[in-house]
Structures are given as C-alpha cells and as structure tokens.
Amino acid sequence: MMSDIYRLATLDDVEELLGVILRAYETIRELGIKFPAAYADLEMVRDTVASHECYVLERDGAIIATVTISKPVEQLKAIADFPFIMKFAVEPAFKGLGVGNRLLTWLEEDIARDKWKAKAVTLGTAERHPWLVQMYERRGYERIYEVETEDDGKMVLLKKQLARSEQRVV
C-alpha cells in the first residue's frame, strides 16, 4: 500500500533531496539550460531548506518529489509581488504519473493560498525548454514578463491567480 506524505523538508533530507533534484534536472543539463537547481550541490540544497519553505512528497519513506516556495523575489517585486515557486523536481521513475501535478496543486492551494494567503504565485522557466512553459500554461499560469538572457535565451516569468478556497467546487 502506498502512503504519500506532504511535509516540510528538514536538514536531515538534504542529501536525499540533492539526489532527486540532480536526477530530475538531468534533461535540463542536457539541453544546456543553466538553471541553478540543475547544478545544485549540498550547500545550495542546505541553504534552500534553511532559508525557504522546501516541501517534499514522500512515498513509503522515500522522497519522490520536491518544490520550494519563497517570499517574492526582490528583483521581480516591481513586476509581480507574489510568492515564487522554484526547485520543482520529480524523481524520474515517477514522471508522468501525476506526482508533480499533485505536489504543485497542494503547494498552490494548501500552502500559497491557504497558509500564506497569497492571491497568486509566480515561477520562471526557459522558453527553449521543450515542454515546461506549455505545462505551466495548462496549469493556469500566464506569461507576465520575458527577458532575453545571455546563457539560456528567453526566460519567462509566469503567474497563476489562486482561487479562494470558498470558490472551490467539491
């Protein structure tokens, strides 16, 4: 029987988290996209867990996905002063099974909307990634800003309005 648990990561999770992130971001590295998470090390993951709300989805005692939410990114406050989602990763063996979708929905609704009382969330990705922008757009994210970068081409900032809990259909 599978038992899924959503929880806040702890410093004891850092090594396992690093493995999940590096395996999940292998495609990003192959594409040559310079997302910091794609080249994570123990120090970066430790800092993420210590400085932000890093959540994991654990199944039968093993971390199978992770996502981090942070306060609005200082450089982006003029564009969108909303919590920022980052370092989203799903263990490759679980891709395509809805694990990431469930984790993001839980983060958007239970954490960003209900706990943080945020009206929206933001995240960024590279336009040249073959499917990430489209995946986020299918989830209700809208492009709000684009910038050309030297390393990764066009980076896209996306925002999703969060429905209030009393508007949810049961």
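**Salt bridges and aromatic pairs**

Mentor: In this predicted model, a salt bridge joins the side chains of Arg143 and Glu137, at 3.0 Å from N to O.

Trainee: Which residues are linked with Arg143 in a network of salt bridges?

Mentor: Arg143 is partly exposed, with a relative accessible area of 33%. Glu137 is likewise partly exposed, at 34%. The network of salt bridges links Arg143 with Glu127, Glu137 and Glu146.

Trainee: How many residues apart are Arg59 and Asp4?

Mentor: The side chains of Arg59 and Asp4 meet in a salt bridge of 2.6 Å, N to O. Arg59 is buried, at 13% relative accessible area, whereas Asp4 is partly exposed, at 32%. Arg59 lies in strand E2 and Asp4 in strand E1, and the pair links distant parts of the chain, 55 residues apart.

Trainee: Turning to the rings, how many aromatic pairs does the structure hold, and is the pair of Tyr6 and Trp106 stacked or edge-to-face?

Mentor: The structure holds 3 aromatic pairs. For Tyr6 and Trp106, the ring centres are 4.9 Å apart and the planes form an angle of 20 degrees. Planes under 30 degrees apart count as stacked, and this pair is therefore stacked.

Trainee: Why does the pair of Tyr6 and Trp106 tie together parts that are apart in sequence?

Mentor: Tyr6 belongs to strand E1 (residues 4–8), whereas Trp106 belongs to helix H4 (residues 99–115). The pair therefore ties together parts separated in sequence by 100 residues.

Trainee: What is the arrangement of the rings of Tyr55 and Trp106?

Mentor: Trp106 is buried, with 16% relative accessibility. The ring centres of Tyr55 and Trp106 are 5.1 Å apart. Their planes stand at 75 degrees, so the arrangement is edge-to-face.

Trainee: Which residues do the ring pairs link into a cluster?

Mentor: Trp106 pairs with Tyr6 and with Tyr55. Tyr6 is partly exposed, at 28% relative accessible area, while Tyr55 and Trp106 are both buried. The cluster consists of Tyr6, Tyr55 and Trp106.

Methods:
Residues are numbered from 1 along each chain as its sequence is written. This is a predicted model: local features need pLDDT of at least 70, side-chain atom pairs count only at pLDDT 80 or more; totals for chains, interfaces and linings use all residues. Side-chain values use heavy atoms; hydrogens and water are left out. Rings of Phe, Tyr and Trp (its six-membered ring) pair if their centres lie within 6.5 Å; planes under 30 degrees apart count as stacked, over 60 as edge-to-face and the rest as tilted. Helices (H or I, at least four residues) and strands (E, at least two) are DSSP runs, numbered from the N terminus. Buried means under 20% relative accessible area, exposed over 50%, partly exposed in between (1.4 Å probe, protein chains only). A salt bridge is a side-chain nitrogen of Lys or Arg within 4 Å of a carboxyl oxygen of Asp or Glu.
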